[in-house]
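Open the model in your viewer and keep the selection panel at hand. The stops below go from the domains to the spaces between and within them, and end at a pair of helices.

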Amino acid sequence: MVYTQKTPWTLVMGIIMVAYAYMVQNGMMEPVIKFLNTGRHAGEMQTLGFAFGAVAILVGLWQVLAAPKEGQTDYYLSTVAGLMFIMLIAFIVKWGLDPLMAKWGREAQPALGFNFASVMNLNYVVMGILAGIIIVNVFKVPGWAENGVRLSRLGLKTGVILLGTLYSFAELAQLGKLSIVLIGVFVLGSVGLVLWIGARRKLPNSMTGVMSAGIGVCGVSASVAAAPVVQAKSTEIAYTIGTVLLFGVVCMFAFPIIGKALGMGYVQFGAWAGTGILNSAQVAGAALAFQPGGIETLKVAEIFNITRVLFLPIIVLWLALWYVKREVGAQQVDVTRVIVSKFPVFVLGFILMFLLSSTGIFAPARHYQGAYFDNSDKALVKKDRSGKEVNNYLKEADVETLKKDAEKVKRDDQKAALQRLIENKKVMSEDDDATLRGIINAKLMSKEGTAVLNKAHRAIRHTAAKIAMFRDLIAWFFTFGLVGLGMQITVASIKQAGGQPLVIGSIVGVIKAVGSLIVVMLMVSETV
């Protein structure tokens, strides 16, 4: 079968991308960039515009002029049009709609009394997903783009793999302990609750089994993995996926709004999203929607998400034993083979990248939360691009601010760390940095004093060039994947949830979301 469809649109999209990058490079887009305040994105506008545009032009010319032949090459080249279609939408949303909506929100605030863009969480992540949903349900995805759109989930999985480069052993250990407890309780509890309700409602064992995995563990992947051991029919898998999709879409948009209304921090929200949202892709969407300008929330959420996936073998074994015990004449299934064949490979990729990162290949030793500690004169006194010296030691005014607030600090270790900062005008050690962060998180000082502590913290934390590159790559892989995800959320697929599965899934999903929210708010702090 020949997959490539002759279309001029790949070539057209490539020309648009290259033309836009060229206009940015030559200052022709300066009025628009100034109006939208997107000057910080000018570099990536040029780099990504030229890079993706060149690929689209080359493949577009081939699609128009060449005669494709059946084979692997033809299939992979047929995905390029869809990939470029997603990226073009992502460019428009991130560089156009996102800053425009933020501008409108600020300008409407005096009249409305609130910033509607902020309250409704209308950032590029949310709008990218919405754009995808509108395209597939109102206009339909063009036939020439379908193969590429289906491949977009690979972007999310690649982003998760690359996230492994950003963790330290200490960070992963502390988050891991927390995630095992939370995920263990809510995964096992959700699976058990679905099995109990399903039995009470007299649902078929196969339907109950596959739904318990989808609702309890990680959505679509878990449903597919559990299906063989409970001998689920294709319609039952479709019902489960429809339920997960419908409930997850609601959570993906509602969680960030609720999290911001409750004043949740990055660690708290990441823990809640990673525990309470049913599907892996939707966890990523909610985390990035909560913090579109960074990936700290995403890092926490994905640790919880990966921990959830690691429970999959236990759940598959549990369901196999449960099904054989309850179903008369049930066939024995090779559970080990099912687990090995269905276990998500991206989790192994994440672990591999984390182990490589731990060797120091990507960043200096003790690289923590995306930055390493260095308080040397060389690191604190630098020259900017114009050659002007920039001194990041605290100024006398900063020191005086800290002295005024010093009496508010009561703990001996915090008082000592603060005194060393005042005397030396810089944070003196990693331990002092952690202690001073505790003062910030406890909100002990005035707004001005807290600002000085944050300034001192930023001065001694530095991002390695490779880590900065990974952070940018991760953000774009997830942006690409989430726009593509939106293009796969159809009204028809949501309708597949059906009556009984939707009721049971919604009940357990709400219990899981609310229960995990309560536990996170009571037990999870913002310090890692």
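The model is predicted, with pLDDT of at least 70 required for local features and 80 or more for side-chain atom pairs, while totals for chains, interfaces and linings use all residues. Numbering starts from 1 along each chain as its sequence is written, and side-chain values use heavy atoms, leaving out hydrogens and water.

**Domains.** Colour domain 1 (9-150), domain 2 (161-290 + 299-356 + 476-523) and domain 3 (371-463) separately; the bounds come from an automatic or database domain assignment. Between the C-alpha centres of domain 2 and domain 3 there are 41 Å.

**Largest cavity.** Select Ala90, Val93, Lys94, Tyr124, Val125, Gly128, Ile129, Phe478, Thr479, Leu482 and Val483, which line the largest cavity. A cavity is a set of points, on a 1 Å grid over the protein atoms alone, where a 1.4 Å probe fits but cannot get out, and lining residues have an atom within 4 Å of a point. The volume is about 60 Å³, counted as the space filled by probe spheres set on grid points joined across faces, edges and corners. Residues come from both domain 1 and domain 2, so this cavity lies between them. Show α5 (80-112), α7 (124-139) and α25 (465-486), each of which gives at least two lining residues; helices are DSSP runs (H or I, at least four residues) numbered from the N terminus. The lining has eight nonpolar, two polar and one charged residue, with Ala, Val, Leu, Ile, Met, Phe, Trp, Tyr, Cys and Pro as nonpolar, Asp, Glu, Lys and Arg as charged, and the others, Gly among them, as polar.

**Second largest pocket.** Go next to Arg153, Lys157, Val220, Ser221 and Asn279, which lie nearest the centre of this pocket among its 27 lining residues. A pocket is an open set of points with protein on both sides within 12 Å along at least five of seven lines. This one holds about 570 Å³, and its lining has 15 nonpolar, eight polar and four charged residues.

**α15 and α25.** Finally, show these two helices, whose axes come within 10 Å and cross at roughly 115°; axes are lines fitted to C-alpha atoms over the stretch in contact, with angles from 0 to 180 degrees between N-to-C directions. Ala281, Ala284, Gly285 and Leu288 of α15 meet Phe478, Leu482 and Leu485 of α25, contact being heavy atoms within 4.5 Å.
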